Amino acid sequence: MSFQVQGKDLLGRIGTLTTKSGSFQTPHMFPVVDPNRPVLDPKFYSEAGIKAIMTNAYLLKRGRPGQLPKDVHGTLGFKETVATDSGAYQILEYGHVGVKPSEIVAYQEKIHTDIGVILDFPTGFRSDARRAGWTVDETVRRADEALKRIKRKDILWVGPVQGGVHIKEVARSAVEMGKRPFSIYALGSPTELMEAQRFDVLVDMIVAAKKGLPHSRPLHLFGAGHPAMFPFIVALGCDLFDSAAYALYARTGRYLTSDGTQELAEIEEFSCMCKICDSTTPGELRRLDPSVREKLLSKHNLLACFSELRRIREAIRKGHLWDLLEHRAYANPAFEKFLAKIVQHSPFLEQFTPTVKPRGISHFGEASDHRPEMVRYSVRRSRVPVEWGKALVLLPGRWRRPYHEDPRNLPIVSKLANKSNVSICFYTVPFGPVPMELDETFPLAQTESFDSHDSRMYEQKAEQVAAWVKRLSPKQVFLVSEGEYGVTLGREFSGATPKLKIIRVHAKGSKPDRTVGSIIRRLG
Ligand SMILES: [Zn+2]
């Protein structure tokens with residue numbers, strides 16, 4: 001087995017996972033197949049390029065009483081990677097106590113599964129902290145027992161992390177499970193959280209698990225199957241997930257898209273152009289026999305999931321995963337909360353984001369201020385050596401980058417840059433203050449941003465500029481003022497730094513040569 005990482009952005013990564021039956025790309029969603037009621041012909045998976053599916057070992061065993069275990073690949077008619085879940089949830093649900101943890105391990109070995117899960121003890125959504133703690137201990141105990149019983153080393157074994165909504169327990173569980181030699185780790189119990197849209201808790205759970213587990217191994221999130229969520233959970237470091245949502249949604253006439261769920265009953269035209277949507281209309285689909293409709297909708301739903309995974313991988317390659325999160329957050333208010341919570345973990349995400357990207361980044365608005373590249377930039381800025389007591393010239397940072405190459409800035413900069421008693425700084429929309437020393441560093445010159453002329457944003461950025469200026473304690477400040485941003489900055493200085501000597505020079509209507517002339521004349 002191997003897990004090779006080919007690309008990274010935020011905590012998300014593109015990888016290749018190899019099992020005894022083949023390789024597949026991650027992030028990956030295992031379509032969950034009901035072994036007793038398969039909705040789709042397994043040929044469909046191969047045609048769609050889906051190289052790994054999942055089924056439930058417990059349901060498989062229960063549905064075939066008295067039969068000898070058979071190769072699961074034959075049972076499902078699928079030659080490539082088959083993962084099996086241990087059925088811990090079903091056992092809880094049916095109160096079935098006749099299956100021992102060691103039996104489920106042995107059964108998964110006999111059916112030649114490629115990826116097997118030990119029989120953990122799910123914490124569930126409603127457990128109190130004490131109960132959650134117990135499920136963590138019990139899962140660790142079962143993990144140790146399973147590890148002793150495991151004979152087949154060619155199967156990738158999954159170690160589930162429990163703890164539910166109790167973040168401290170999740171952290172403890174991750175550290176304990178992380179010490180044990182599993183090929184893959186998994187995070188349990190989030191399905192109900194996702195259904196209740198408690199994304200804030202989900203984010204904390206995933207981050208807590210991620211911090212405790214070895215980063216070289218893939219992390220599986222149980223039960224995540226809505227494409228709209230994928231960018232968020234991938235950004236937090238989930239490489240694998242599994243779901244039957246594509247089929248369950250199809251059964252009730254629900255149509256999955258990357259933006260959310262639609263009701264088939266309400267769709268007039270399909271915007272998707274997958275094989276299914278391209279060959280029928282919503283009206284025709286509605287008139288079909290329910291079982292045929294269910295099949296076709298399941299296929300579309302699955303393709304929508306895999307199309308989203310492609311989009312995510314492409315975003316990782318380009319270093320644009322954060323941009324994708326922002327798009328989703330703007331499109332759906334429920335996801336705004338998701339992103340707001342991720343923002344709180346931005347310094348952690350920053351550690352895993354490449355320092356140089358193949359392409360620049362985008363700055364759309366406030367949420368972009370927290371993207372790891374911006375966090376990194378403000379740290380770097382705080383480390384720029386300060387020489388006190390110089391004159392500071394503040395110039396508007398317009399769209400042209402590097403900011404000093406702006407034709408209206410260049411004549412000013414070239415006359416002042418070699419003066420030992422002057423420092424230069426640009427006031428910009430995406431980055432706030434940009435000292436000349438950082439003007440040519442990544443990602444400043446490569447950032448796409450736009451000025452929304454939002455007064456609140458100007459105020460926030462002006463505050464940052466004023467704080468930076470205060471730190472320099474300059475002898476005098478020349479504010480080359482332009483537009484509302486310049487006015488806001490002037491106002492901010494008179495409020496926040498009343499002792500500073502601010503000289504306002506109007507940029508508009510003045511030729512750069514005259515502006516620099518007047519600055520040089522007044523240099524003290
Ligand atoms: Zn479609």
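Reply: Start with a cut-off: a disulfide is a pair of cysteine sulfur atoms within 2.5 Å. By that rule the structure holds zero disulfides. Keep in mind that this is a predicted model.

Me: What makes Cys 425 buried or exposed?
Reply: Its relative accessible area is 1%. Buried means under 20%. Therefore Cys 425 is buried.

Me: Which residues coordinate the zinc ion, and how do you know that they are donors?
Reply: The residues are Cys 272, Cys 274, Cys 277 and His 300. The cysteines use SG and the histidine uses ND1. The distances run from 2.1 to 2.3 Å. A donor must lie within 2.8 Å of the metal, so these atoms qualify.

Me: Why is the zinc site called tetrahedral?
Reply: Look at the angles among its four donor atoms: 97 to 118°. The label requires all angles between 85 and 135 degrees, so the site is tetrahedral. For reference, the ideal angle for four tetrahedral donors is 109.5 degrees.

Me: How are the donor residues of the zinc ion spaced in sequence?
Reply: The pattern is C-x1-C-x2-C-x22-H.

Me: What makes Cys 274 and Cys 277 buried or exposed?
Reply: Cys 274 has 12% relative accessibility. Cys 277 has 6%. The buried label applies under 20%, so Cys 274 is buried and so is Cys 277.

Me: Why is the contact between Arg 198 and Asp 200 called a salt bridge?
Reply: Their side chains meet at 3.3 Å, N to O. The limit is 4 Å, so the pair counts. Arg 198 is partly exposed at 37% relative accessible area. Asp 200 is partly exposed too, at 26%.

Me: What makes Asp 406 and Arg 398 a salt bridge, and is each partner buried or exposed?
Reply: The N to O distance is 3.0 Å. That is within 4 Å, so the label holds. Asp 406 is buried at 2% relative accessibility. Arg 398 is buried as well, at 12%.

Me: How do you know that Arg 408 and Glu 482 form a salt bridge, and which parts of the chain does the pair link?
Reply: The side chains meet at 3.6 Å, N to O. The cut-off is 4 Å, so this pair counts. The pair links distant parts of the chain, 74 residues apart. Arg 408 is in the loop between strand S15 (391–396) and helix H19 (410–416). Glu 482 is in the loop between strand S19 (476–481) and helix H21 (483–496).

Me: Why are Arg 408 and Glu 482 called partly exposed?
Reply: Arg 408 has 44% relative accessibility. Glu 482 has 22%.

Me: Which members of the largest nonpolar core touch the most other members?
Reply: They are Tyr 45, Ile 233, Phe 241 and Phe 338, out of 93 residues. Ile 233 touches residues including Leu 202, Cys 238 and Phe 338. A second, separate core has 45 residues, among them Ile 424 and Ile 519.

Note on methods
Residues are numbered from 1 along each chain as its sequence is written. This is a predicted model: local features need pLDDT of at least 70, side-chain atom pairs count only at pLDDT 80 or more; totals for chains, interfaces and linings use all residues. Side-chain values use heavy atoms; hydrogens and water are left out. Donors are N, O and S atoms within 2.8 Å of the metal (3.2 Å for Na, K and Ca); water is not among the atoms, so sites may look incomplete. Four donors count as tetrahedral if all angles lie between 85 and 135 degrees; four count as square planar and six as octahedral if opposite donors are over 155 degrees apart and all others between 65 and 115; anything else is irregular. Buried means under 20% relative accessible area, exposed over 50%, partly exposed in between (1.4 Å probe, protein chains only). Helices (H or I, at least four residues) and strands (E, at least two) are DSSP runs, numbered from the N terminus. A nonpolar core is a set of buried Ala, Val, Leu, Ile, Met, Phe, Trp, Tyr and Cys residues joined through side-chain atoms within 4.5 Å. Contact means heavy atoms within 4.5 Å. Lists of a residue's contacts leave out its neighbours within four places in sequence.
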